[in-house]
Amino acid sequence: EGLPAIASYRQELGLDFPIVLDPRLGVSRQYGVNSLPTTFFIDRAGVIRDIFIGPMTDAVLADKLRKIYP
């Protein structure tokens, strides 16, 4: 997606965290991302605590976050 579409999506959902684009796939290669969407759950210390591949449901998101931030 282009920047205007991303900005619109971010505003629509009220997101206030950074959204990073990886057009040259450098970060994707470093993290071994082979499928989209891939979601990384990172704790406050910057440690990857879980990885989820595929579309995310509200229930899965809530479960993953509860495990990291009980």
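This is a predicted model: local features need pLDDT of at least 70, side-chain atom pairs count only at pLDDT 80 or more; totals for chains, interfaces and linings use all residues.
Reader: At what relative accessibility does Leu25 stand?
Author: Residues are numbered from 1 along each chain as its sequence is written, and side-chain values use heavy atoms, with hydrogens and water left out. Buried means under 20% relative accessible area, exposed over 50% and partly exposed in between, with a 1.4 Å probe and protein chains only. Leu25 counts as partly exposed, because its relative accessibility is 45%.

Reader: Near what value is the phi of Leu25?
Author: Leu25 is found in the loop between helix H1 (3-13) and H2, where helices (H or I, at least four residues) and strands (E, at least two) are DSSP runs numbered from the N terminus. Phi is positive here although the residue is other than glycine, and its value is near 65 degrees.

Reader: In what order do the elements of the protein run?
Author: The protein has three helices and two strands. Read from the N terminus on, these elements run α-α-β-β-α.

Reader: Which element has the highest confidence?
Author: The mean pLDDT of the protein is 91, with 99% of its residues reaching 70 or more. Confidence is lowest in H1, at a mean of 90, whereas the highest mean, 96, belongs to E2.

Reader: Which strand gives the largest share of the nonpolar patch?
Author: Helix H2 (26-31) and strand E2 (48-53) each supply at least two of the patch residues. The largest share, three residues, comes from E2.

Reader: What is the relative accessibility of Ile51?
Author: Ile51 is found in strand E2, and this strand supplies at least two residues of the nonpolar patch. Ile51 counts as partly exposed, because its relative accessibility is 43%.

Reader: How far apart are the closest N and O atoms of Lys64 and Asp50?
Author: Side chains of opposite charge can pair when their charged atoms come close, and a salt bridge is counted where a side-chain nitrogen of Lys or Arg lies within 4 Å of a carboxyl oxygen of Asp or Glu. The structure holds three such bridges. In the one between Lys64 and Asp50, the closest N and O atoms are separated by 2.8 Å.

Reader: How many residues apart in sequence are the parts that Lys64 and Asp50 tie together?
Author: Lys64 and Asp50 form a salt bridge; Lys64 lies in helix H3 (residues 58-68) and Asp50 in strand E2, so the pair ties together parts whose separation in sequence is 14 residues.
Lys64 is buried, with a relative accessible area of 15%, and Asp50 counts as partly exposed at 25%. The separation asked for is thus 14 residues.

Reader: What is the relative accessible area of Asp43, which meets Arg49 in a salt bridge?
Author: The side chains of Asp43 and Arg49 meet at 3.6 Å, N to O. Arg49 is partly exposed, at 44%, whereas Asp43 is buried, with a relative accessible area of 16%.

Reader: What is the angle between the planes of Tyr31 and Phe40?
Author: Rings of Phe, Tyr and Trp (its six-membered ring) pair if their centres lie within 6.5 Å, and planes under 30 degrees apart count as stacked, over 60 as edge-to-face and the rest as tilted. By this rule there is one aromatic pair. Tyr31 and Phe40 form this edge-to-face pair, 5.2 Å centre to centre, and the angle between their planes is 70 degrees.

Reader: About what is omega at the peptide bond that joins Leu36 and Pro37?
Author: Pro37 is found in the loop between H2 and strand E1 (38-42). The bond that joins Leu36 to Pro37 is cis, with omega at about -5 degrees.

Terms used:
pLDDT is the predictor's confidence in each residue, from 0 to 100.
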